[in-house]
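Keep the viewer open and follow the points in order.

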Amino acid sequence: MSDTSTRTHHRVCHLCEAMCGLLIQTKGDKVTDIRGDKDDPLSRGHVCPKAVALQDIHEDPDRLRKPMKRIRSAPGEYQHVEIEWSEALDLAADALASTIEKQGVDAVGAYFGNPSVHNYGMLTHQRNLFRHIRTRNRFSATSVDQLPHHLVSLWCFGHMLLHPIPDVDRTHYFLMLGANPLASNGSIWTVPDVRQRLKDLKSRGGKLVVVDPRRTETADMASEHLFIRPGSDAAFLLAMIHVLFRDGLVAPGPLSTFTDGLDEVAAAVSGLSPDWAAPLTGIVAEDIVRIAHELAEAEAGICYGRMGVSTQAYGALCQWAIQVINVATGHLDKPGGSLFTLPAMDQVVNTNPGGFGRFASRGRGLPEFNYELPAATMVDEIRTEGEGQIRLMFTGAGNPVLSTPNGRVLDEAFEELDFMISVDPALNETTRHADVILPPTSPLEHDHYDIAFHNLAIRNTARYSSAVFEKPEGALHDWEIFSELGARVAARLNLEPMPTYPPDRMVDAALKSGPYGEHTDWQLSIDKLKAHPSGIDLGPLEPSCPERLQTPAQRIQLAIPEVLADIRRFVQDGNVDSDHYRLIGRRHVRDNNSWMHNHHRLMKGKPRCQLLMHPDDVAKEGWRSGMLVTIQSRVGAIDAELAASDEMMPGVVSLPHGYGHGLAGTRGEVASRHAGVSCNDITDEQFVDQLSGNAAVNGVSVRLSAAAA
Ligand SMILES: Nc1nc2c(c(=O)[nH]1)N[C@H]1C(S)=C(S)[C@@H](COP(=O)(O)OP(=O)(O)OC[C@H]3O[C@@H](n4cnc5c(=O)[nH]c(N)nc54)[C@H](O)[C@@H]3O)O[C@H]1N2
Ligand SMILES: Nc1nc2c(c(=O)[nH]1)N[C@H]1C(S)=C(S)[C@@H](COP(=O)(O)OP(=O)(O)OC[C@H]3O[C@@H](n4cnc5c(=O)[nH]c(N)nc54)[C@H](O)[C@@H]3O)O[C@H]1N2
Ligand code: SF4
Ligand SMILES: [Mo]
């Protein structure tokens with residue numbers, strides 16, 4: 001007889017970076033309630049509206065439960081049919097092995113999406129397959145997102161994962177650019193209940209200043225909001241640095257004993273005054289001077305920038321300038337400033353520091369980072385003939401057709417491949433091209449430890465979640481799919497297979513040997529975390545430099561030659577073209593990139609896939625809200641419904657990404673009723689941050705016209 005008792009499970013929400021603690025109530029095999037866990041030392045009971053989607057994902061009738069094989073149903077027409085696991089794994093392994101044998105390892109391309117970082121089995125076990133496939137054609141969502149952060153952390157602090165984390169609970173002044181944590185719940189900054197924390201900052205007399213081309217939900221609650229012309233943040237930040245030097249505000253304090261390069265930085269910005277920056281940014285010189293003074297003079301202050309300043313034409317330059325400001329003002333490595341974490345499973349010690357530019361892409365010569373090429377050039381590597389051309393594509397937890405620039409062309413290119421394999425629970429815009437889809441268990445059917453995001457959290461805590469439901473018979477976890485496939489490929493290529501341990505055993509070993517492990521009073525282990533299911537508080541972030549730095553001499557390096565050269569590129573470029581509109585993105589608290597539009601509870605309410613435009617611009621064009629406009633870029637055109645909004649900076653329009661559902665061969669009943677259009681059909685794969693290769697999905701130059709009836 002099946003178990004119908006009511007139980008309460010402790011669980012971490014893995015959907016975004018905030019890692020909220022949950023209490024999930026179940027009766028038999030049904031979820032009956034999901035709420036915040038007040039005893040979680042990090043999230044203190046907070047949840048956002050997406051938490052309930054854990055149930056919706058689990059129960060989604062469109063979620064794949066068995067592997068799918070694509071068959072031709074008529075000339076040019078395909079359909080996916082269910083097959084058994086053994087057949088699916090053999091099919092995938094045969095294709096991988098024969099591609100490698102016939103065309104070489106670089107003929108295999110791989111793309112990993114954002115949820116792969118939220119899934120600990122995927123993080124630990126990708127290697128079980130890819131150690132046999134050391135292809136140069138690796139891509140991921142990193143290069144449509146936070147690549148500039150990694151590059152700057154590698155250059156300045158010596159490790160791509162050593163990111164300064166805003167200590168919001170103890171700060172007095174917070175300068176935030178290109179981030180909207182009230183919608184995103186924070187990024188490269190694990191900060192559950194960010195709204196309350198920002199409110200608290202204001203009520204203790206502190207100041208929040210938001211710089212964004214849109215008056216976002218976060219800007220709305222800020223002490224001050226400044227519109228900035230998309231893509232011009234580098235001018236604002238460089239002029240701030242100029243003011244710090246000019247007005248004698250540079251005071252690194254204890255950092256000065258282990259910081260190199262401030263003099264070179266001073267020389268590089270000597271001509272870049274606020275008067276130079278004002279016409280580029282749209283921010284008056286007096287404001288730039290005042291904000292530089294306010295931040296420098298604050299007892300503890302933060303300069304932080306995220307997506308909006310990372311996925312733009314000068315993303316790496318912006319992220320570098322932000323860290324220069326934190327160092328120059330002495331706010332780095334100080335309570336109330338930005339500090340490095342010391343997580344229980346320390347990725348900075350456990351992973352390689354990263355590397356840059358060791359090889360370049362064949363097609364466009366874009367640099368690798370951490371053995372990955374920029375996603376913006378994936379299509380070139382599929383289409384450029386010759387040695388190293390991708391013939392087989394592997395995707396894991398990604399939807400690049402909707403999430404990478406010029407996705408429409410990528411959609412076509414996937415159809416030109418010899419073979420495609422996707423590890424994904426969805427039959428979506430990307431996986432519809434796959435010859436084999438391998439769907440993992442649902443999140444509630446496996447355990448979880450957040451390997452990635454404890455490294456980015458505002459407090460050091462540790463929390464392990466057991467599976468809520470047992471794994472259905474015959475199903476495989478993500479990590480098992482990688483192990484099974486790895487073993488099969490190894491057998492076919494006569495290679496040594498990798499030994500397989502479940503991820504909890506790997507995490508257990510890392511916890512025991514980590515900074516709170518066996519040699520400390522904490523004695524952290526998986527067993528200890530199981531005995532504390534709401535998590536263990538390991539304390540606030542502490543100053544940790546220079547010891548924490550991973551640069552060869554444990555010194556902060558600011559004079560990065562590549563960046564100094566990029567300043568000259570920026571100054572020459574100027575980045576003003578006033579007769580076009582600039583397109584930027586937008587997130588909503590009930591969206592999660594492209595993959596959570598199939599859940600009714602998240603899709604209720606006003607339509608979201610609208611083009612926001614300032615009312616003066618709407619009037620100038622002689623248009624009105626509700627009409628369809630055509631948005632045309634270099635690569636293509638889409639039509640979207642117009643909505644006038646004084647949230648927008650004049651000259652700038654905003655459309656969310658992740659829409660464009662309902663394509664032939666996909667499965668998603670609710671999503672196709674809220675299909676929308678994909679803004680990445682018009683973002684430009686040639687428009688990248690030239691320094692890092694990161695896609696510039698913000699600040700795209702577009703022309704608008706009334707759509708034909
Ligand atoms: N224009 C524009 N484009 C953008 C952005 C933007 O702001 N504007 N944002 C960019 C950013 S920050 C990111 S991170 C990328 C995201 O880009 P991607 O990661 O490529 O896309 P997602 O929409 O997150 O797709 C996630 C996929 O993972 C699957 N999935 C979910 N959970 C699991 C799991 O546990 N296991 C497996 N195997 N699969 C799973 C889902 O079904 C879905 O197919 O998009 C980028 N693209
Ligand atoms: N609800 C929800 N939460 C999410 C996600 C989601 O899709 N939905 N995605 C998750 C992921 S993968 C990520 S990476 C994070 C992202 O987290 P955030 O970076 O906080 O995300 P956004 O809301 O995209 O904020 C980017 C902001 O940059 C602004 N912007 C655009 N161009 C420019 C510019 O040129 N200069 C400046 N200064 N600002 C600019 C935009 O108006 C926007 O407000 O969110 C995560 N959380
Ligand atoms: S903020 Fe929402 S989506 Fe993010 S972890 Fe918390 S409940 Fe989950
Ligand atoms: Mo992201």
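1. Where is Asn137 found? Look in the loop between helix H3 (120–130) and strand E7 (138–140). Before going further, keep in mind that this is a predicted model. With a relative accessible area of 3%, Asn137 is buried.

2. Next, have a look at strand E18, residues 419–423. Five of the five residues in E18 are buried, so the strand is largely enclosed by the rest of the structure. In a regular strand, side chains alternate between the two faces of the sheet. For E18, Phe419, Ile421 and Val423 sit on one side, Met420 and Ser422 sit on the other, and both faces are covered.

3. Which strands pair with E18? One is E17 (residues 392–396), which pairs with E18 in the parallel sense over five bridges. In that pairing, Leu392 stands opposite Phe419. Another is E19 (residues 436–438), which runs parallel to E18 and is joined to it by three bridges.

4. Now for ligand 1. It is surrounded by 29 residues, and the closest are Tyr111, Asn114, Ser403, Asp424 and Ser594. By class, this shell has 14 nonpolar, 11 polar and four charged residues. Domain 2 (68–144 + 347–538) and domain 3 (575–706) both give residues to the shell, so ligand 1 lies between them.

5. A polar side-chain atom of Tyr111 is 2.7 Å from an oxygen atom of the ligand. A polar side-chain atom of Asp478 lies 2.9 Å from a nitrogen atom of ligand 1. Val423, which you met as one of the buried residues of E18, brings a backbone N or O atom to 3.1 Å from a nitrogen atom of ligand 1. On its own, ligand 1 has 920 Å² of accessible area, and the protein covers 96% of that.

6. Then there is ligand 2. How many residues are around ligand 2, and which come nearest? There are 32, and the nearest are Asp212, Asp233, His588, Asp591 and Asn593. The shell divides into 11 nonpolar, 13 polar and eight charged residues.

7. A polar backbone atom of Gly231 is 2.8 Å from an oxygen atom of the ligand. For Arg587, an N or O atom in the side chain is 2.8 Å from an oxygen atom of ligand 2. Asp591 has a polar backbone atom 2.7 Å from a nitrogen atom of ligand 2. The protein buries 97% of the 920 Å² that ligand 2 exposes when taken alone. Helix H5 (181–184) and helix H12 (307–310) are the elements that give two or more residues to this shell.

8. Asn593, one of the residues nearest to ligand 2, has a positive phi near 45° although it is a residue other than glycine. Asn593 lies in the loop between strand E25 (581–584) and helix H22 (600–603). Asn406 is not a glycine either, and its phi is positive at about 55°. You will find Asn406 in the loop between helix H16 (400–403) and helix H17 (407–415).

9. Are these two asparagines, Asn406 and Asn593, buried or partly exposed? Asn406 counts as buried, because its relative accessibility is 8% and the cut-off for buried is under 20%. Asn593 counts as partly exposed, because its value is 21%.

10. Pro546 has its place in the loop between strand E23 (536–540) and strand E24 (556–557).

11. Finally, a hairpin. Strands E27 and E28 form it, with four residues between them. E27 (residues 628–632) and E28 (residues 637–644) run antiparallel and are joined by five bridges. The bridge partner of Gln632 is Ala637 in E28. E27 also pairs with strand E30 (residues 700–706), in the antiparallel sense, over four bridges. In E30, Leu704 is the bridge partner of Ile631.

Methods:
Residues numbered from 1 in each chain as written. Chains lettered and ligands numbered in written order. Predicted model: local features only at pLDDT ≥ 70, side-chain atom pairs only at ≥ 80, totals over all residues. Heavy atoms only, no water. Buried < 20%, exposed > 50% of the residue type's maximum accessible area, 1.4 Å probe, protein only. Pairing = 2+ DSSP bridges. Near = heavy atom within 4 Å. Polar contact = N/O pair within 3.5 Å; in protein donor to acceptor, adjacent residues only side chain to side chain. Areas by Shrake-Rupley, 256 points an atom, 1.4 Å probe, with all protein chains shown as cover. Nonpolar A, V, L, I, M, F, W, Y, C, P; charged D, E, K, R; others polar. Domains from an automatic or database assignment.
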